[in-house]
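Please open the structure in your viewer and keep the selection tool at hand.

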Amino acid sequence: MQEIRNYTINFGPQHPAAHGVLRLVLEMDGETVMRADPHIGLLHRGTEKLAESKPFNQAIGYMDRLDYVSMMCNEHAYVRAIEKLVGIQAPVRAQYIRTMFDEITRILNHLMWIGSNALDLGAMAVFLYAFREREELMDCYEAVSGARMHATYYRPGGVYRDLPDRMPQYKESRWRKGGDLKRMNAWREGSMLDFLEAFCKDFYSKVDEYETLLTDNRIWKQRTVGIGVVTPEQAYAWGMSGPMLRGSGIAWDLRKKQPYAAYANVDFDIPLGTKGDCYDRYLVRVEEMRQSNRIVEQCVKWLRANPGPVMVENFKIAPPSREGMKDDMEALIHHFKLFTEGYCVPAGETYSAVEAPKGEFGIYLISDGANKPFRLKVRAPGFAHLSSMDEIVRGHMLPDVVAMIGTYDVVFGEIDR
Amino acid sequence: MSENLPPTLAQRLNARFGADVVAVTEWRGETTLEVSATSWLSVFQALRDEADFRFEQAIDVCGIDYMGYGQSEWDTTGISSQGFSRGVEGQGPGRFRWSERPQAAPNEKRYAVAVQLLSITHNRRLCVKCYCPDDALPIVPSLTGLFPGANWFEREAFDLYGIVFEGHPDLRRILTDYGFVGHPFRKDFPLIGNVEVRYDSEKQRVIYEPVSIDPRVLVPRVIRDDSRYDQAQAEAAANAAAGK
């Protein structure tokens, strides 16, 4: 009789469905997965160790590069940790700006997720539509910080600068001219807030568009309904958070339960799944886009009505203005000290978390009173989620592994750090 | 009045764990419980299962190396005739090679493990911490039996700090390269690393060589113990008063 043995296959690290550099060693019985062993760390850069040798502010830029599709949420966790140790609070306008950009980031992240997850499962078109809207929001990132992705916009004590009065416009070129150019610039005549208002008004219909492509799509449902079921007990045990937890029907969202920034003042709902399968998590994320859009709308309205400072007036932490430096010796000294030495953070330790699009993104920061962190630990949601891979995909078919990687919403910048 | 207030989490932890507790601190609404490595597992069992605590989730397990805690490279009290170079010479954090790495003082209690717990039932967080008794071979019992999600976090702490989690089912390296030597996040591991890797076209394979770059950290490590933050604290107090 022929001996039947399990077969081990290697999946990734160079595989389009591996979302970066995930290497999976799968033990297969026919087409059924018996054991999954994810190998991570192929993108490990030692962010936490690098941060230990740099002044606090110079590590903000590293945060963008962790989860590189939800940049500002990572910064938010980091600056909140510093603010807590130093004992300062950002002005209320900065809190609203942060709330607004956190939600813009959430939409950006979910658009990336819906596009790539659908692409993994064979629906090409969603990706193209999702990137159309991502482009608009990336322009907001660029308008406010000068960078499309790695913004370094949040600073301890507020945000780098106030929102721009003018939204950059497309210039005429061989490809963009005439009526086309006019249509593309239609939202961009006024300030960034005008642009966002127009975007938000329109975005609900765009989410409906994605839903017409997927929600009742027979193939999509065959690939996601009943696949990768995470029970509430498993979700607790594996330290899951964000849509992974809510997809399993646990009503937990840090924005509601432990509100930070201006989340206590805005109105939004938390969508919950019932079965905890990939389809439920899909529905949760789609609804989260609508809710994020609602929050952005409310923030736009508030920001329009309430001008004010966006940074604390404390030159030990925040740099003085350029004009101030020109004729004030004190301001010049403060500027010099801040940018050569940085600021010393009182000794202590804190854990501060934000509800990032993927789940709870936390920063555990230990300071010994120096101008550099003594220890910085990044708690990445994707790391906890991916660790449950073996338990969740056991007994599933090989293509379901791809569906599961998609629904975890893994980004290796944050998992490998 | 004060006796009518319900006991704080710190007080309840003290009452429940008594002799197991090394220290409980409460700071700006965050509670940290320090226990010894011997009572590690029993404390977590109680924290997870007892109705008063019910910490269902181990959010994070973090290894820490306390070597060099509170040391600076820049004297802020005396007056010096030297320039900037006094801050960047020497072998402070990130400024040494593998061969020059600093030696730890014996019995320093370098290594610690900090676990962030979250109670979804009570909407509460707790940080539980323990120092490893032995610097040469830091051992802490593994939490994987209680919180399966601690698995990878403990592998990470093992990989980066060399903390051994007793009872862990699969204590392999996780973030570093296959065949990596050393524990890179230890404070005596050079920031530049010790080997670099490149493709050798003659040998037609990837080869490892000692690092060729020099350690270079631009900003000295400064600890200032002065009144710089009085303004921040005064502002916070003023804000709190205005809020009321």
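Begin by selecting Phe56(A) and Tyr343(A), both of which are buried. Please bear in mind throughout that this model is predicted. The two ring centres are 6.0 Å apart and the planes of Phe56(A) and Tyr343(A) meet at 15°, so the pair is stacked. Now display the secondary structure around them: Phe56(A) belongs to the loop between helix H1 (47-51) and helix H2 (60-64) of chain A, while Tyr343(A) belongs to the loop between helix H14 (329-340) and strand S6 (348-356) of chain A, so the pair ties together parts that are 287 residues apart in sequence.

Next, move to chain B and select Tyr161(B) and Phe185(B). Their ring centres lie 6.2 Å apart with the planes at 90°, so this pair is edge-to-face. Tyr161(B) is found in helix H4 (residues 150-161) of chain B and Phe185(B) in the loop between strand S7 (164-166) and strand S8 (195-200) of chain B, so parts that are 24 residues apart in sequence are tied together. Both Tyr161(B) and Phe185(B) are buried.

Return to chain A and select Phe101(A), Tyr141(A), Tyr153(A) and Tyr154(A), which ring pairs link into a cluster.

For the last stop, select Lys187(B) together with Phe374(A). The charged end of Lys187(B) sits over the ring of Phe374(A), at 4.0 Å from its centre.

How many aromatic pairs does a search of the whole structure find? Over all chains, the search finds 26.

Terms used: Residues are numbered from 1 along each chain as its sequence is written. Chains are lettered from A and ligands numbered from 1 in the order in which they are written. This is a predicted model: local features need pLDDT of at least 70, side-chain atom pairs count only at pLDDT 80 or more; totals for chains, interfaces and linings use all residues. Side-chain values use heavy atoms; hydrogens and water are left out. Rings of Phe, Tyr and Trp (its six-membered ring) pair if their centres lie within 6.5 Å; planes under 30 degrees apart count as stacked, over 60 as edge-to-face and the rest as tilted. Helices (H or I, at least four residues) and strands (E, at least two) are DSSP runs, numbered from the N terminus. Buried means under 20% relative accessible area, exposed over 50%, partly exposed in between (1.4 Å probe, protein chains only). A charge sits over a ring if NZ of Lys or CZ of Arg is within 6 Å of the ring centre and within 35 degrees of the ring normal.
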